[in-house]
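Hi,

Here is the structure I promised to pass on. Have a look at it first, then read my notes below.

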Amino acid sequence: MIFEQLFDCNSSTYTYIISSGKGREALIIDPVIEHTDKYIKVLENLELKLVKVIDTHIHADHVSGLNELNKRTNCTRIMGENSKSEVIDLKIKDSEKIEIENIKLKAIYTPGHTDCSYSYFMNDRVFTGDTLLINGIGRTDFQNGNSYDAYDSLFNRLLKLPDKTLVYPAHDYNGEKNSTIESEKNNNPRLQVSSKEEFAEIMDNLNLSNPKMMDIAVPANLKGLTLNQL
Ligand SMILES: [Fe+2]
């Protein structure tokens with residue numbers, strides 16, 4: 001399997017390029033628009049054909065590369081069914097499968113950080129977007145986020161996956177690349193709570209400032225802007 005984890009220093013975003021092998025179909029999760037050329041180069045070097053591209057949710061801290069990649073490769077843009085993006089080609093529902101050659105991802109609806117947040121499970125790993133980070137979780141105070149929904153998504157969906165499942169988040173701010181469900185269960189400070197109410201009390205009182213790119217990134221991602229429209 002080809003599995004490339006690329007990093008955007010400005011927003012600390014992880015992007016994933018996945019394929020079953022050289023010369024085969026590929027998909028990308030959470031691309032950042034400024035790195036489109038780099039993704040295309042990786043695809044070309046491995047003779048991959050990009051067929052699908054997924055955003056785990058509407059990002060507030062960077063402009064998505066979904067639309068620029070679609071413009072250049074004609075790949076299918078995918079998000080969850082309640083995404084408010086105006087340009088998504090395929091909206092998927094909870095438990096639906098996304099397939100490319102020899103690769104299958106299962107969509108898991110995990111609202112809380114936003115109301116359009118999905119995670120994607122693939123064999124031994126799960127792409128958690130901002131729902132579950134390494135030793136942290138995504139904030140729940142904007143973009144129709146909800147701390148009670150986040151609790152359900154974490155405790156009743158993601159933490160029910162097998163303990164050994166690898167966790168690949170959309171961000172990391174400390175240089176960590178992946179984790180496991182077991183490690184997050186035991187060590188993630190946000191998950192060491194005894195009730196939904198305790199969790200919500202913490203999440204609803206973080207008083208975080210907005211991401212600096214928010215006023216640009218959210219409208220651009222909803223409209224599906226490409227590089228020359230920014
Ligand atoms: Fe986010």
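Start with Phe 127, which sits opposite Tyr 168 of strand 11. This is a predicted model, by the way, so keep that in mind as you read. Strand 10 and strand 11 (residues 166–169) are parallel partners, paired over four bridges. To get from strand 10 to strand 11 the chain passes through helix 3, and this β-α-β crossover is right-handed. On to the next pair: strand 11 and strand 12 (residues 179–180) run antiparallel, with two bridges joining them. There, Val 167 stands opposite Ser 179.

Now for the metal. Which residues coordinate the iron ion? They are His 57 (NE2), His 113 (NE2) and Asp 130 (OD), at 2.0 to 2.3 Å. Along the chain, these donors follow the spacing H-x55-H-x16-D. His 57 is in the loop between strand 4 (49–54) and helix 2 (66–73), while Asp 130 is in the loop between strand 10 (125–129) and helix 3 (147–157), so the two of them tie together parts 73 residues apart in sequence. Both His 57 and Asp 130 are buried.

Last, the cores. The largest nonpolar core has 24 residues, and Ile 17, Ile 28, Tyr 39, Leu 43 and Leu 69 touch the most other members. Helix 1 gives the largest share of this core, four residues.

Cheers

Note on methods: Residues numbered from 1 in each chain as written. Predicted model: local features only at pLDDT ≥ 70, side-chain atom pairs only at ≥ 80, totals over all residues. Heavy atoms only, no water. Donors = N, O, S within 2.8 Å, 3.2 Å for Na, K, Ca; no water. Buried < 20%, exposed > 50% of the residue type's maximum accessible area, 1.4 Å probe, protein only. Pairing = 2+ DSSP bridges. Right-handed = clockwise from strand over helix to strand, strands pointing away. Core = buried A, V, L, I, M, F, W, Y, C linked by side-chain atoms within 4.5 Å.
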